[in-house]
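Here is a short briefing on one protein structure. Look at the sequence and the 3D view, then read the points grouped below.

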Amino acid sequence: MAARKKPPMKMLNLALQGGGAHGAFTWGVLDRLLEEEDVQIAAVSGTSAGAMNAAVIADGWVEGGRDGAKRELARFWSEMSGASKLLEPWLMTPFGSVTKIFGVDQGAVFSFMDALTRTFSPYELNPMNLNPLRDVLGKIINFERLQTCEHLQIFVTATNVETGQPRVFTREEITMEALLASGCLPFIFQAVEIDGVPYWDGGYMGNPSIWPLYYNSPSGDVLLVQINPVMRKGTPKRALEIVNRLNEISFNSSLISEMRAIEFVRHLIDAGKLGEPQYRHVNMHMIAPPDGLHEMTADSKMNASWEFFTFLHQLGRNETETWLKANKKMIGVDSTLDIAKTFLTKPAHATRTGTNIIKKKAHA
């Protein structure tokens with residue numbers, strides 16, 4: 001009996017947004033994608049929680065392939081939940097802990113601490129520069145092993161405090177400090193210094209940075225895992241709501257700029273003004289949470305309870321299952337994301353989908 005022919009491998013790049021605890025949604029997405037044996041993850045670009053997920057799957061893959069990556073992801077999020085146990089009484093009242101939106105802003109102590117961070121810097125409130133994430137990363141990730149992962153390339157973005165420019169660390173450059181820099185919220189943690197340069201959260205300049213995937217991967221398909229809503233209806237009235245919405249806008253601005261550039265270049269290609277070999281085809285795809293997650297208060301990103309993590313994880317698996325059934329066949333063929341309709345306020349052709357094209361490096 002002839003051996004069953006394996007389906008052709010579909011290569012896919014991943015772009016993982018940061019978003020605190022909501023990164024557990026991305027855990028669910030990755031968990032399901034890793035079960036698709038005919039889908040090969042070629043490269044991953046991540047910021048903040050997205051960077052943690054990216055680093056964990058790379059390290060886990062070296063140790064045990066797809067199963068190793070899945071196992072280490074589950075272990076990472078379990079450790080993150082465990083590390084937060086001591087903080088839960090400070091973040092939530094009994095009423096806040098059972099709210100359907102999983103928010104933490106109903107906790108009186110949380111509100112007090114939030115006010116303190118607006119008045120005093122982390123250099124004053126946290127002079128010892130304590131960060132529980134450091135202990136978790138040190139327990140989960142073998143950085144020397146991660147740097148040898150030949151199966152996929154990893155890119156982690158942080159923001160250079162002095163220049164305001166993004167710094168993208170490649171797999172060979174990823175260390176504990178690079179990951180901490182990518183998730184360094186300046187009101188909570190002291191800037192992370194690497195080679196004498198201070199860095200803050202990468203979300204300010206690349207959430208995530210998509211352009212490294214254009215230039216450094218053989219795959220022409222990018223799957224964006226979005227966890228920060230671009231649209232949130234209504235005007236925030238409370239101080240905390242205003243701050244949270246400002247953060248969402250800031251952390252989406254670089255992504256919107258990249259998407260606008262992709263759409264602009266595509267129109268130039270359609271007009272016959274650009275073409276190969278200077279430009280390459282990039283098919284854009286996206287998995288995002290259902291509307292219910294976007295309706296959660298932004299402060300729910302600080303909820304590290306295991307109940308919340310597993311809830312988000314299952315959402316991520318469910319959304320990925322739906323996406324795969326509808327769009328897997330389009331990997332390597334065409335885009336499934338309508339950039340204009342999703343990201344641009346006044347698109348020229350809001351209903352149009354199709355292949356997107358990005359300029360290659362001059363030396364490519």
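D31 forms a salt bridge with R317, and their closest N and O atoms are 2.9 Å apart. A salt bridge here is a side-chain nitrogen of Lys or Arg within 4 Å of a carboxyl oxygen of Asp or Glu. The pair links distant parts of the chain: D31 lies in helix α1 (residues 23-33), R317 in helix α13 (residues 306-327), and 286 residues separate them. This is a predicted model, in which local features need pLDDT of at least 70, side-chain atom pairs count only at pLDDT 80 or more, and totals for chains, interfaces and linings use all residues. Residues are numbered from 1 along each chain as its sequence is written, and side-chain values use heavy atoms, with hydrogens and water left out.

**Salt bridges**

- Side chains of opposite charge can pair when their charged atoms come close.
- The structure holds 19 salt bridges.
- D31 is buried, with a relative accessible area of 9%. Buried means under 20% relative accessible area, exposed means over 50%, and partly exposed lies in between (1.4 Å probe, protein chains only).
- R317 is buried too, at a relative accessible area of 18%.
- R32 and E321 also meet through their side chains in a salt bridge (2.5 Å, N to O). This pair again links distant parts of the chain: R32 is in helix α1, E321 is in helix α13, and they are 289 residues apart.
- R32 is buried, with a relative accessible area of 9%, whereas E321 is partly exposed, with 27%.
- A network of salt bridges links D31, R32, E35, E36, D38, K70, R317, E321, K325 and K328.

**Helix α1**

- Helices are DSSP runs of H or I with at least four residues, strands are DSSP runs of E with at least two, and both are numbered from the N terminus.
- Eleven of the eleven residues of α1 are buried, so this helix is largely enclosed by the rest of the structure.
- The buried residues of α1 include G23, F25, W27, D31 and R32.

**Helices α2 and α7**

- Helix α2 and helix α7 (residues 132-140) pack at an angle of about 150 degrees, with their axes 9 Å apart. Axes are lines fitted to C-alpha atoms, for helices over the stretch in contact, and angles run from 0 to 180 degrees between N-to-C directions.
- α2 and α7 are therefore roughly antiparallel to each other. Angles over 145 degrees count as roughly antiparallel, under 35 as roughly parallel, 65 to 115 as roughly perpendicular, and the rest as oblique.
- The contact is made by M52, V56, D59, E72, R75, F76, E79, M80 and A83 of α2 and by L133, V136, L137, K139 and I140 of α7. Contact means heavy atoms within 4.5 Å.
- R75 and E72 form a salt bridge through their side chains (3.0 Å, N to O).
- R75 and E72 are three residues apart in helix α2 (residues 49-83), which means about one helical turn separates them.
- R75 counts as partly exposed at 34% relative accessibility, while E72 counts as buried at 5%.

**Strand β3 and its partners**

- Eight of the eight residues of strand β3 (residues 153-160) are buried, so this strand is largely enclosed by the rest of the structure.
- Strand β2 (residues 39-46) and β3 pair in the parallel sense over four bridges. Two strands pair if DSSP finds at least two bridges between them.
- S45 has F155 of β3 as its bridge partner.
- β3 and strand β4 (residues 166-170) run antiparallel and are joined by five bridges.
- A158 stands opposite R167 in β4, and T157 stands opposite V168 in β4.
- The hairpin of β3 and β4 has five residues between the strands, and G164 there takes a positive phi near 75 degrees.
- β3 and strand β6 (residues 197-201) pair in the antiparallel sense over three bridges. A158 stands opposite D201 in β6.

**Around P122**

- P122 sits in helix α6 (residues 122-125) and counts as buried at 4% relative accessibility.
- P122 and F189 are 67 residues apart in sequence and 5.4 Å apart in space, C-alpha to C-alpha.
- Not counting residues up to four places away in sequence, P122 touches P127, P186, F187, I188, F189 and Q190.
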